[in-house]
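Subject: Handing over the model, with notes

Dear colleague,

Please find below the model that I am passing on to you. My notes come after it, and I would be glad if you read them with the structure open.

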Amino acid sequence: YEAASVCEFCPTGTYITDPAANCTPCPAGTWSPAEASSCTRCLNGQYSDEGSSGCKTCLEGSFIGPNSTCEPCPPGSWSGFGATFCITCSPGTYRGTPSGCTSCPPGTISGAAASYCDDCPPGRFSKPQSSVCEICPEGFYSGNSSGNCTVCPAGSFSRPESPHCSICTAGTMSKDRSGSCEACPLGKVSAENASRCELCPAGTYAPTTDGNCLTCPAGTWSLARSTKCNDCAIGRWSFAGSRRCHACPPGTYILEANTSCQPCPYRYWSFESEDECITLGSGSHDLVRVQRIHDRSARPKDAVGVDSFFEIPPDNS
């Protein structure tokens with residue numbers, strides 16, 4: 001300095017170009033050692049404050065900004081040590097740490113520059129590192145944040161993008177992975193949540209497919225898979241739940257409402273499978289057809305059947 005008896009050195013972080021001037025602090029982004037005549041610019045990725053004796057490196061998650069200072073990376077981006085810019089996270093990832101992006105887990109998604117992952121809604125799913133939630137197809141379902149779709153079991157179904165399976169109603173059925181329920185054919189029935197339709201056996205019938213097999217009443221019959229019962233023919237009978245009708249033997253008859261064969265009254269007879277008895281003419285074997293006998297109480301108590309007719313007491317007159 002002028003008028004000084006001893007020259008002094010400029011300290012670190014300053015510089016001087018004119019011996020007659022004072023030491024000047026180095027601006028931000030530069031540095032200097034002692035006795036410097038100029039300041040040195042910091043390297044890329046480094047910064048310094050005004051009057052610094054050295055440069056510092058920007059930490060992870062930051063970068064050198066326009067003002068030669070470290071600035072944090074914007075949301076959804078990252079950086080390493082000494083970065084001059086930040087890297088944007090790609091779709092399917094998010095900024096999990098300052099120094100990198102993390103893949104979205106199954107059941108979640110993200111777009112570019114994401115700070116977090118969004119959950120997939122019910123009826124959709126996603127694999128790891130996905131940017132789109134996929135729709136579950138028919139026969140499958142999923143809950144919230146699902147990484148896959150679950151199969152609908154037999155007896156249920158689902159439409160595309162379903163959050164749950166729906167139960168098949170009575171009279172219908174389904175296999176697993178079904179998009180709808182199938183109606184049972186006539187003669188078969190099912191309860192709700194059925195995986196198959198049950199065949200109505202002989203002696204039963206099903207007027208509808210959404211209930212149980214009903215037993216045919218006495219005096220009727222049916223084959224398997226029937227929708228109605230058939231009446232027994234005249235002169236034949238059946239128990240409830242029969243697959244066929246039985247013939248009344250000779251010497252008996254049956255009325256429409258009866259369920260079993262009745263013996264012909266005294267002096268009457270019949271062929272097999274008859275709904276009426278025929279009288280024997282008095283004192284002879286002439287046959288005379290008579291009306292149907294509806295009053296069972298009129299039958300004599302001492303009537304005895306012999307093969308196809310009843311024995312006639314001898315005429316002693």
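Predicted model: local features only at pLDDT ≥ 70, side-chain atom pairs only at ≥ 80, totals over all residues.

Residues are numbered from 1 along each chain as its sequence is written, and side-chain values use heavy atoms, with hydrogens and water left out.

Disulfides

A disulfide is a covalent bond between the sulfur atoms of two cysteines, and here the term is applied to a pair of cysteine sulfur atoms within 2.5 Å. The structure holds 16 disulfides, and I describe three of them here, using strands in the sense of DSSP runs (E, at least two residues), numbered from the N terminus. For accessibility, buried stands for under 20% relative accessible area, exposed for over 50%, and partly exposed for what lies in between, with a 1.4 Å probe and protein chains only.

One of the disulfides joins Cys-42 to Cys-55, with an S to S distance of 1.8 Å, and its angle of -85° about the S-S bond makes the link left-handed. The pair links distant parts of the chain, 13 residues apart, with Cys-42 in the loop between strand S4 (40-41) and strand S5 (46-47) and Cys-55 in the loop between S5 and strand S6 (56-57). Cys-42 counts as buried because its relative accessibility is 11%, whereas Cys-55, with a relative accessible area of 24%, is partly exposed.

Another disulfide is the one between Cys-168 and Cys-181, with an S to S distance of 1.9 Å, and this link is left-handed too, with -85° about the S-S bond. Here Cys-168 sits in the loop between strand S20 (166-167) and strand S21 (172-173), while Cys-181 sits in the loop between S21 and strand S22 (182-183), so that distant parts of the chain, 13 residues apart, are linked. Cys-168 is buried at 1% relative accessibility, and Cys-181 is partly exposed at 23%.

Cys-248 and Cys-261 also form a disulfide, in which the sulfur atoms are 2.1 Å apart, and with -90° about the S-S bond this link is left-handed. The two cysteines are 13 residues apart and belong to distant parts of the chain, Cys-248 to the loop between strand S30 (246-247) and strand S31 (252-253), and Cys-261 to the loop between S31 and strand S32 (262-263). Cys-248 is buried, at 0% relative accessibility, and Cys-261 is partly exposed, at 22%.

Ser-242 lies in the loop between strand S29 (236-237) and S30, and it counts as buried because its relative accessibility is 9%. A polar atom of the Ser-242 side chain lies 2.6 Å from the backbone oxygen of Phe-239. Leaving aside neighbours within four places in sequence, Ser-242 is in contact (heavy atoms within 4.5 Å) with Gly-203, Thr-220, Trp-221 and Ser-222.

Trp-237 is buried at 16% relative accessibility, whereas Phe-239 is exposed at 53%.

Positions in loops

Ala-113, in the loop between strand S13 (108-109) and strand S14 (118-119), has a phi near 55°, a positive value in a residue other than glycine, and is partly exposed with a relative accessible area of 35%. Arg-177, in the loop between S21 and S22, likewise has a positive phi, near 65°.

Arg-267 lies in the loop between S32 and strand S33 (268-269) and is partly exposed, at 26% relative accessible area. The C-alpha atoms of Arg-267 and Thr-279 are separated by 5.8 Å, although the two residues are twelve residues apart along the chain.

Terms used: Helix = DSSP H or I, 4+ residues; strand = E, 2+ residues; numbered from the N terminus. Polar contact = N/O pair within 3.5 Å; in protein donor to acceptor, adjacent residues only side chain to side chain.
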